Amino acid sequence: MIRLNNLQKEYKGFKLNVTMEIPEGRVTGIIGRNGAGKTTTIKAILGLIEPTSGEIEVFGKKPREFTGEDKKQIGVALSSSGFCMIFTIKDVIDVLKGFYEDFDEEDFSKKCREQELPFDKQLKDFSTGMRAKLRVLVAMSHKAKLLILDEPTAGLDVIARNDVLNLIRSYLEEDPSRSVIISSHISSDLEGLCDDIYMINDGKIILHEDNDTLLGKYGIVKVSPEDYEKLDKKYIVGTKKESFSVTCLVSEKQFYLENYPKAVVENAHIDDIIVLILGGEK
Amino acid sequence: MKGLLIKDTKIILNQKRFLILFLFVAVVLSFSMDSSFIVSYIPMIGVIMILSTISYDYHDEGFSFLMTMPIKPGDYAVAKYVFTILGMSVFWVISVMLQFASFFIQKTPFDLTETIMADVCMLPLFLLIASIVIPIDIKFSPEKVRVIMFLIYGVIMVAFLGGKALLGTLADNNGIDMASKLEALDSVNPVFLILALAAFCIICLSISMTYSIRLMQKREF
């Protein structure tokens, strides 16, 4: 469905260079720190920027050549932009009706009411959480087969984050053939939602794994500095040395569970993986 | 396209306070001074309001979001010209209606054909302004646009005053009577003048729109 082959985009002081293959019917997460290149990757997929080099195909077409009909297949929520702030939800409904024949006004209004979004207030008077929910609901409003959500939960409290994630889950339950690309710097958002995870840092993909593999096979191994020297390092992906212990991220935790009974082996969460890959030694 | 036109209409209608104040001033002016002024005042302010929708699109990276809607970047430029022409026509019709209301209420004698001709002549002027301003608004951020427009007004004023002085000097030196030359313009068929003006405007608008479409196609959001 989406193919990025050695896609490069250069800005002053930043270079994006990514290769990705995103299949249909999957939820793909892009995780990375602020400024890692998540938004640039999403903008390239949407054709909002012209790549410096490399290839990019979405539904078999270059995104910069998308027609209006092509764009109707995609629902988008960008992190820092949306409808004009002087609009109310009533205005948003009228504008969406003008853009999409498939816009389901009744369903959209119902979901806005469920999320307690006020219909007569201008968007500039909405809270951060309200705006985030509206952005996601707008993206879902025309039943697109691909949702692209850039940092939909950034800046939200835990309850608002859960609400947004539940909206995405409901959207996928309505039609399992739908696909979602979601970027975030909050790992827990992606852990329970994604089938695939791309980890991006400094403009490069540093890890791509199936979520089940990531959470099932990857592990954290804690050993003393002496035991670390004796450890088989073939599955070690990242290491962090402290005064009295060494923490390792491993891609086959079962191997260490079976062969090193003295080592403490724990399940790895995406946050641990990020810390050990980005902050540790390789 | 339809979505873009609705969006721009909503932006204008959401500026209720300004619209009400603007129409109130227009009504007061049309009944207190030369009512022909109103036919230039209302559409002019209307065009400024219409073109301000571009700066609303600029705010909060609105362009990026708009370009994810089912439109091509060039459609945005085309919609802006269509909206300007439609909106300007609405403001022009309102101003003409106010002008005639003022004539009837104040019992001012008027020549219908001459008045309508003079009113129609205002339209190309606004279209010319739109032809210059739309590409500038699309290319530059609202902050830069303010500076550029200030410079353009300066250049126009200097060119106008300088041209007037130059023509006067040339006429004096060569013994040409400018007043009689200007009077000769009166003998030209006004319909021909309007058609010539309209043709000039269409050419300017076409060039301006082609350039704006290219700007949007090349742009990154």
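In helix 4 (residues 105-114) of chain A, the residues F108(A), K111(A) and C112(A) are buried. Looking down the axis of helix 4 of chain A, the buried residues fall within an arc of 100°, so they line one face of the helix. The arc is taken from the directions that lead from the helix axis to the C-beta atoms. Buried here means that 20 or more other C-beta atoms lie within 10 Å of a residue's own; exposed means 12 or fewer, partly exposed is in between, and the C-beta atoms are placed from the backbone. Helices (H or I, at least four residues) and strands (E, at least two) are DSSP runs, numbered from the N terminus.

What does the face turned away from the buried side of helix 4 of chain A carry? There sit the exposed residues E106(A), K110(A), R113(A) and E114(A). The buried residues of helix 4 of chain A pack against helix 3 and helix 5 (128-140) of chain A. Just after helix 4 of chain A comes E116(A), with a positive phi of about 60°.

## About the model

This is a predicted model, in which local features need pLDDT of at least 70, side-chain atom pairs count only at pLDDT 80 or more, and totals for chains, interfaces and linings use all residues. Residues are numbered from 1 along each chain as its sequence is written, while chains are lettered from A and ligands numbered from 1 in the order in which they are written.

## The two chains

Let's take chain A to begin with. It has 11 helices and 13 strands, and its C-alpha trace spans about 70 × 40 × 35 Å along the principal axes. Of its 282 residues, 43% count as buried. Among contacts in chain A between residues at least 6 apart in sequence, 69% join residues at least 24 apart. A contact means that the C-beta atoms of two residues, placed from the backbone, lie within 7 Å.

Chain B has 9 helices and 0 strands. The C-alpha trace of chain B spans about 60 × 45 × 30 Å along its principal axes, and 28% of its 221 residues are buried. For chain B, residues 24 or more positions apart account for 85% of the contacts with a separation of 6 or more.

## A four-stranded sheet in chain A

In chain A, 4 strands form an open sheet in the order 11-12-10-13, with antiparallel pairing. Two strands pair if DSSP finds at least two bridges between them. Strand 11 (236-241) and strand 13 (264-267) of chain A are the edge strands, each pairing on one side only. On average, neighbouring strands of this sheet are turned by 20° against each other, direction ignored. Helix 11 (residues 270-278) of chain A packs on the sheet and touches strand 10, strand 11 and strand 12 (246-250) of chain A. The direction of helix 11 makes about 110° with that of strand 12 of chain A; axes are lines fitted to C-alpha atoms, for helices over the stretch in contact, and angles run from 0 to 180 degrees between N-to-C directions.

How many bridges join strand 11 of chain A to strand 12 of chain A? There are 5, and the two strands run antiparallel. They form a hairpin with 4 residues between them, and K241(A) stands opposite V246(A) in strand 12 of chain A. Strand 10 (residues 219-223) of chain A pairs with strand 13 of chain A over 4 bridges, also in the antiparallel sense. Here the bridge partner of G219(A) is N267(A), in strand 13 of chain A.

## The nonpolar core

A nonpolar core is a set of buried Ala, Val, Leu, Ile, Met, Phe, Trp, Tyr and Cys residues joined through C-beta atoms within 7 Å. The largest one has 112 residues, and V136(A) and I148(A) touch the most other members. Helix 3 (residues 36-58) of chain B gives the most to this core, with 8 residues.

Which residues does I148(A) touch, not counting residues up to four places away in sequence? They are I42(A), I45(A), L46(A), I74(A), V76(A) and I181(A).

## Where the chains meet

In the interface, 24 residues of chain A are in contact with 22 residues of chain B. On the side of chain A that touches chain B, helix 3 of chain A gives the most, with 5 residues.
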